[in-house]
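I have opened my notebook on a structure that is new to me. Let me write down what I look up, step by step.

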Amino acid sequence: MKSDQYVTVAREGVHEAEINRSRFLCSLAPAATEQEAQEFVARVRKEHPTATHNCFAYVVGADASVQKASDDGEPGGTAGVPMLQMLMRRDVRYAVAVVTRYYGGVKLGAGGLIRAYGGVVGEALDELGTVTRRRYRLVTVTVDHQRAGKTQNDLRSTGRTVVDLRYGAAVEIEVALPEADLPAFEAWLADSTAGSATLTLGGETYAS
């Protein structure tokens, strides 16, 4: 079942923490595709070529269909996985996290590493902020030119989101609606345009 909403990173940024003399830098960014996530990982690694580790985790897809994590030389399961778990626990999607570690001479042990890597991702999410994107169905309302202005005003005054306007032989107004609102919207449209508008269902989109 598709998710009705997901959370993603509000903006790209870096959060730094020092744990037992090791420096941990968490670089976070939104990523629309797996390729974007991989490019971000490559970029951060290039920026920190002398770091002891550049571990990463990313989640792509509103339903988290793509998930990947890397420990980059840390003991198995102590870095990438706790980072990924933190993203999943916060319902974060379409996002990539890279934690760069500069070793400070004190070993943290497996439990300490898991807490450090997962924790610094959580702190970065708090610091950089997140946005919620909800799932909408796109519908196209087609009306004649005479009625178009009033219909647009009526749509906006009832809080509907007008996504696009196309002028041709008739006027096509693209509207984003929560799926559950469709039946009520159809009734409202028929009433407000005296049955003169036609409604065409389109695809889905996510918007904040």
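Entry 1. A word of caution to myself: this is a predicted model. I began with Val99 and asked which residues it is in contact with, leaving aside neighbours within four places in sequence. I found Phe24, Leu25 and Cys26, then His53, Asn54 and Cys55, and finally Met83, Tyr117, Val120 and Val121.

Entry 2. Next I looked up the largest nonpolar core, and it has 28 residues. Val99 is among those with the most contacts inside this core, along with Cys26, Leu28, Met83, Tyr117, Val121 and Leu125. Which elements each supply at least two residues of the core? I noted the strands β1 (5-9), β3, β4 (53-60) and β6 (95-102), and with them α2 (80-89) and α3. The largest share comes from α3, with 8 residues.

Entry 3. Rings came next, and I counted 5 aromatic pairs in the structure. One of them is Phe24 with Tyr117, an edge-to-face pair with 5.3 Å from centre to centre and 85° between the planes. What does this pair tie together? Phe24 lies in strand β3 (residues 22-30) and Tyr117 in helix α3 (residues 109-128), so the pair links parts that are 93 residues apart in sequence.

Entry 4. How many bridges join β1 to strand β7 (residues 130-143)? I found 5, and the two strands run antiparallel. For Val9, the bridge partner in β7 is Thr130.

Entry 5. Last, I looked up how the chain is divided. There is a domain 1 (5-128) and a domain 2 (134-207). Taken over C-alpha atoms, the centres of domain 1 and domain 2 are separated by 41 Å.

Key: Residues are numbered from 1 along each chain as its sequence is written. This is a predicted model: local features need pLDDT of at least 70, side-chain atom pairs count only at pLDDT 80 or more; totals for chains, interfaces and linings use all residues. Side-chain values use heavy atoms; hydrogens and water are left out. Rings of Phe, Tyr and Trp (its six-membered ring) pair if their centres lie within 6.5 Å; planes under 30 degrees apart count as stacked, over 60 as edge-to-face and the rest as tilted. Helices (H or I, at least four residues) and strands (E, at least two) are DSSP runs, numbered from the N terminus. A nonpolar core is a set of buried Ala, Val, Leu, Ile, Met, Phe, Trp, Tyr and Cys residues joined through side-chain atoms within 4.5 Å. Buried means under 20% relative accessible area, exposed over 50%, partly exposed in between (1.4 Å probe, protein chains only). Contact means heavy atoms within 4.5 Å. Two strands pair if DSSP finds at least two bridges between them. Domain bounds come from an automatic or database domain assignment.
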